[in-house]
Amino acid sequence: MATEALGQAPAAQDRRAWFGQLLLGALRRTGTVLGRVFGVVRPAAWVLIVGALALWIAGQSLGWWELTVAAISITVVLALCLLFLIGRTAYDVSLDLNRTRVVVGERAVGALTLANTGSRAILPSRVLLPVGSGRGVFDVNRLAAGESAEELFAIPTSRRAVVKVGPVSVVRGDPLGLFERVHRRDEPVDLFVHPRTVLFDGQSLGFLRDLEGLPATDLSPDDVSFHALREYQPGDDLRHVHWKSTARTGHMMVRQYEETRRSHFVIGLSTSPADYRDDDEFELAISAAGSLGLRALRDSQRVEVRVQERALPSGTGKQFLDSLSALSHSRPKAGSVVELAGVVAATLPLASVVVLVCGSKVDPGDLRTACSRLPFGARVLAVVASADHAAPSLRRIGEADVVTLGALDQLPNALRKVLA
């Protein structure tokens, strides 16, 4: 008897678990169906539905035929509007941008193609195309089987940004806007609006092009410049053992090298809102940093870009400009250009050229402090964006050259003054 009871208990538990899973699955499917049903009802339709119910109840309770007629009329209107939801929206949607990367002010044009690949006609519908924070609306006429329709659109590019285009939504609804059935098609496409940049000739800030770089005071177990000999320590590479000295002294001696500093171009771009007077200065600073970075990349230099709290991808010109397109102001607690200079010194101690870019609201004392925090031995240039300057100016703060720009086209002349 005990054995039978033990055998029946697991079976009962299995049945309860199976029933619970079945009930949970049914509830999920019911919730999905109800979500789709209620999703087609617009707020105005809910008002009419509630109004019709209230009129119906009031008419029956008070015996007023007029209220009942009004309830019936509203119900008929709702039913007729529901009929507009009937029909397929199975378009084959294709979203094509002529270019996914443009410069501020350039024309960005795209094409939206809707094709009916089915065997039956598709009734008229509306197509919604989100573009950034706005959206475009296209009315598509009836498409017979095998037909297609193409809509051209232009995207405003007056500001630097990453504009998300899509996904395309096909909307089937009634003329009164009471019900709306939406089907999403295609995948969104990112349009990168790059900042303006300027080209200039010559080597960017006198880059080092020698193979060995500049010698540093740090010692290294493996480099190019030989420095001295020392006794072997566990873990040393046996390839650097100096056998003649080992035989002469009786102790194993290894070579020690003087670490060299490679040509390494670093840009520190402040994104603190407290460093800039307005958005125009911020955009000018981004454009100046982009121009310097592109020049360095064309010189086949290793480029590192730092902003508050993170590093920007800068392996190629495309990566660099894409990252600048998405750049925005940092949080106030992330600090100003002074804290940014400290991060550059801590993370990139072997930088050979460092450019700090900031706005006109940075105090000269703070700029001096920021420049003094940068890696020792690095050539330092500070670029200050200031809309008040009609011509570029050059001054020295400590060991750093400070250039103040009022417009992007002043950058080449300013750099020529620095290199003179």
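The protein chain exposes about 23,300 Å², and carbon and sulfur atoms supply 57% of that area; accessible areas come from the Shrake-Rupley method with a 1.4 Å probe, and for residues only the protein chains shown count as cover. This is a predicted model, in which local features need pLDDT of at least 70 and side-chain atom pairs count only at pLDDT 80 or more, while totals for chains, interfaces and linings use all residues. Residues are numbered from 1 along each chain as its sequence is written, and side-chain values use heavy atoms, with hydrogens and water left out.

**Whole chain**
- The protein chain has nine helices and 20 strands (DSSP runs numbered from the N terminus: H or I of at least four residues for helices, E of at least two for strands).
- Of its 420 residues, 41% are buried (under 20% relative accessible area, with a 1.4 Å probe and protein chains only).
- Among contacts with a separation of 6 or more, 69% join residues 24 or more positions apart (contact means heavy atoms within 4.5 Å).

**Annotated spans**
- An unreviewed UniProt entry places the feature "transmembrane region" at residues 37–58 and 64–86; such annotations may be inferred rather than shown by experiment.
- Residues 64–86 are 83% helix and 0% strand, and their end C-alpha atoms lie 35 Å apart.

**T404**
- T404 lies in strand β20, which covers residues 400–405.
- T404 counts as buried because its relative accessibility is 4%.
- Beyond its neighbours within four places in sequence, T404 is in contact with residues including V384, H389 and P392.
- The T404 side chain makes a polar contact with the side chain of R395 at 3.3 Å (a pair of N or O atoms within 3.5 Å; within protein, one must be able to donate a hydrogen and the other to accept it, and residues adjacent in sequence count only if both atoms are side-chain atoms).

Notes: Buried means under 20% relative accessible area, exposed over 50%, partly exposed in between (1.4 Å probe, protein chains only).
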